[in-house]
Amino acid sequence: MYLSQNPLISVILPVFNSAQYISASVQSIINQSFNRLEIIIIDDGSSDHSFEILSAYAKNDSRIHLISRDNRGLIYTLNEAIQAARGEYIARMDSDDISICNRLEKQLNFLQDHQLDICGTFVRLIGAATGNWKYPVSHKGCEVELLFGVPFAHPSVMGRSKVFKELRYSFDWPLVEDYDLWQRGWAAGFKMGNVPEVLLQYRVHRRQTSRFYRREQAQNSQRIRSRHWQQLLSSRLGLGSTEAREAEKDPWKTFQLLRELKQCYKGTEAEKILHHALLRLFSHRLQSWILDRTS
């Protein structure tokens, strides 16, 4: 395949010990219906045969820019790939997932047609789980979903390069670096949504995150939820940060504010998401309270 001198899309693919799955992942990008792209693959110090497999692909497809070095972790690797990206758009990909053949083409059209800055897709689970994950389609739906968690499946995301290059992934938010990025993206005024179609096969593994990392992930996620709660209430209801923080401690006040929020989104996807908001919020807050007292 020819080298794209002016790639419109830069696919960034971090790899660490993924020899078992990497061929299917890379092949799914090589076979995309949209081919004005570059594929930036960073082997983050793999100790298996990942690099040998990737080298063979790089020799046969000049769109692939392969980097190999010592292990520096996911956040560093993602930011390194973002720095190297030349495309107007950046698309994420994971080394164990599979993109549907027209994924990039459909996301590009969706971004342009809806004047968005970031978009994900629905995903189909493969591996240790089955089923589909669906996400909010509209920007308002995404901004409300941020109250509870990520509005995207991370490896399905594609967005304008300026979003990634301006914000970058933060080392301050390990294990939830994507949640932090999307929330900061919303706060910076970037528009987001999801293609209402399965365009990625998302692999689920039986291996579970260790207890220590689960705790850190849950605690960091709750901090981002709290940050978004305060910013969304300020944006939509004009509340100050102190009043919003106090409301987090008061179930009745939280209930009242959620009712006011629902009125702001009357007749939209976001209103539907807020139907069960109280239960979702307090489930997360209870988990955080328990973790804080058992750490």
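1. Is Glu 166 buried or exposed? Glu 166 counts as exposed because its relative accessibility is 56%, where exposed means over 50% relative accessible area, buried under 20%, and partly exposed in between, computed with a 1.4 Å probe on protein chains only. Glu 166 has its place in helix H6, residues 161-167, and its C-alpha atom is separated by 26 Å from that of Asp 70, 96 residues apart along the chain. Helices (H or I, at least four residues) and strands (E, at least two) are DSSP runs, numbered from the N terminus.

2. A word on the basis of this note. The model is predicted, so that local features need pLDDT of at least 70 and side-chain atom pairs count only at pLDDT 80 or more, while totals for chains, interfaces and linings use all residues. Residues are numbered from 1 along each chain as its sequence is written, and side-chain values use heavy atoms, with hydrogens and water left out.

3. S6 is mostly covered, with eight of its ten residues buried. Strands are said to pair if DSSP finds at least two bridges between them. Ten bridges join S6 to strand S9 (residues 192-204), and these two run parallel, with Val 123 standing opposite Leu 200 in S9. With strand S8 (residues 158-160), S6 pairs in the antiparallel sense over two bridges, and here Ile 118 stands opposite Gly 159.

4. S6 and strand S7 (residues 132-133) pair in the antiparallel sense over two bridges, Arg 124 standing opposite Asn 132 in S7. Four residues lie between the two strands of this hairpin, and Gly 131 in the turn has a positive phi of about 115°. Ala 128, in the loop between S6 and S7, is partly exposed, with a relative accessible area of 31%. Leaving aside neighbours within four places in sequence, Ala 128 is in contact (heavy atoms within 4.5 Å) with Val 204, His 205 and Arg 206. The C-alpha atoms of Ala 128 and Glu 105, 23 residues apart along the chain, are separated by 29 Å.

5. Strand S4, residues 89-92, has Tyr 89 and Ala 91 pointing one way and Ile 90 and Arg 92 the other way, and all of them are buried. In a regular strand the side chains alternate between the two faces of the sheet. Strand S1 (residues 9-15) and S4 run parallel, joined by four bridges, and Ile 9 stands opposite Tyr 89. S4 also pairs with S8, in the antiparallel sense and over three bridges, where Ile 90 stands opposite Gly 159.

6. The nonpolar cores come next. A nonpolar core is a set of buried Ala, Val, Leu, Ile, Met, Phe, Trp, Tyr and Cys residues joined through side-chain atoms within 4.5 Å. The largest has 46 residues, and those with the most contacts inside it are Phe 164, Trp 182 and Trp 229. Apart from this core lies another, of 33 residues, among them Ile 9, Val 15, Ile 29 and Val 123. Not counting residues up to four places away in sequence, Trp 182 touches residues including Ile 118, Leu 146, Phe 152, Phe 164 and Met 192. In soluble globular proteins, nonpolar side chains tend to be buried together.

7. Two loop residues deserve a check of the backbone. Most residues other than glycine have a negative phi. Asn 17, although not a glycine, has a positive phi of about 50°; Asn 17 lies in the loop between S1 and helix H1 (22-30) and is partly exposed, with a relative accessible area of 32%. Leu 175, also not a glycine, has a positive phi of about 75°; Leu 175 sits in the loop between H6 and helix H7 (177-187) and is partly exposed at 31%.

8. Finally, the second largest pocket has a volume of about 280 Å³. On a 1 Å grid over the protein atoms alone, a pocket is an open set of points with protein on both sides within 12 Å along at least five of seven lines, and lining residues have an atom within 4 Å of a point; a volume is the space filled by probe spheres set on the points. The lining has 13 residues, of which Gln 222, Arg 285, Ser 288, Trp 289 and Asp 292 lie nearest the centre of the pocket. The largest share of this lining, six residues, comes from helix H12.

How values were computed. On a 1 Å grid over the protein atoms alone, a cavity is a set of points where a 1.4 Å probe fits but cannot get out, and a pocket is an open set with protein on both sides within 12 Å along at least five of seven lines; lining residues have an atom within 4 Å of a point.
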